[in-house]
Amino acid sequence: DVYKRQSTQSTGAFGNPLLKTTSSRPLMKKTQVIYTVDLSQSSVDNTGVLRISRPCKLRFYLPLGSPIAILNPKLFTNFPETDRPFVRSNFRRLPCEDYTGTDDWRAEIDIDLAGSFQFYLQYSHSHSSVQHTERLSERTFIVDPDLR
């Protein structure tokens, strides 16, 4: 699955079989929904749009041994930081640890704003002593508004 919304639901969110959720229910707090995106899968097919509801956590990962993870990619999104206005063309790097080869590569973001946003992976490499930067897995995620 490209996008996983981990839970016991078989059809996933909005009837999409590619989404699964993880829900945690800490004492006295609202359920936290975690959407997980396997970026090694999404690099193959760049046509999908992830549709999620808020509030939630969006977790990106590359499995241990993934050829993309070995490149030590950086993840960028135009989802704004807390208390910042949304500007479609402004992308920021999400904090993530460097890939060590001993565990999955991960990054995550708390989602609390409705709208349409993008994310992409970027990695750098040298060829003939020239530094090159390339983008991978440019995708869109839509956060549905709460209409209650």
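User: Is Y120 buried or exposed?
Analyst: Buried here means under 20% relative accessible area, exposed over 50% and partly exposed in between (1.4 Å probe, protein chains only). At 6% relative accessibility, Y120 counts as buried.

User: What kind of model is this, and how are residues numbered?
Analyst: It's a predicted model, so local features need pLDDT of at least 70 and side-chain atom pairs count only at pLDDT 80 or more, while totals for chains, interfaces and linings use all residues. Side-chain values use heavy atoms, leaving out hydrogens and water, and residues are numbered along each chain as its sequence is written, from 1.

User: How many aromatic pairs does the structure hold?
Analyst: Rings of Phe, Tyr and Trp (its six-membered ring) pair if their centres lie within 6.5 Å; planes under 30 degrees apart are stacked, over 60 edge-to-face and the rest tilted. On that basis, the number of aromatic pairs is eight.

User: How far apart in sequence are the parts that F76 and Y120 tie together?
Analyst: F76 and Y120 form a stacked pair, 5.2 Å centre to centre with 15° between the planes. Strands are DSSP runs (E, at least two residues), numbered from the N terminus. F76 lies in strand β6 (residues 74–77) and Y120 in strand β9 (residues 115–127), so the parts tied together are apart in sequence by 44 residues.

User: And how far apart in sequence are the parts tied together by F91 and Y120?
Analyst: F91 and Y120 make a tilted pair, with 5.3 Å between centres and 55° between the planes. F91 sits in the loop between β6 and β7 (92–93) and Y120 in strand β9, so the separation in sequence is 29 residues.

User: Which residue has its charged end over the ring of F91?
Analyst: A charge sits over a ring if NZ of Lys or CZ of Arg is within 6 Å of the ring centre and within 35 degrees of the ring normal. Y120 has a charged residue over its face too, at 3.7 Å from the ring centre, and that is R135. Over F91, at 5.9 Å from the ring centre, sits the charged end of R135.

User: Which are the edge strands of the open sheet of five strands?
Analyst: Two strands pair if DSSP finds at least two bridges between them. This open sheet has mixed pairing and runs in the order β4-β10-β9-β6-β7. Pairing on one side only marks the edge strands, which are β4 (49–53) and β7.

Note on methods
Helices (H or I, at least four residues) and strands (E, at least two) are DSSP runs, numbered from the N terminus.
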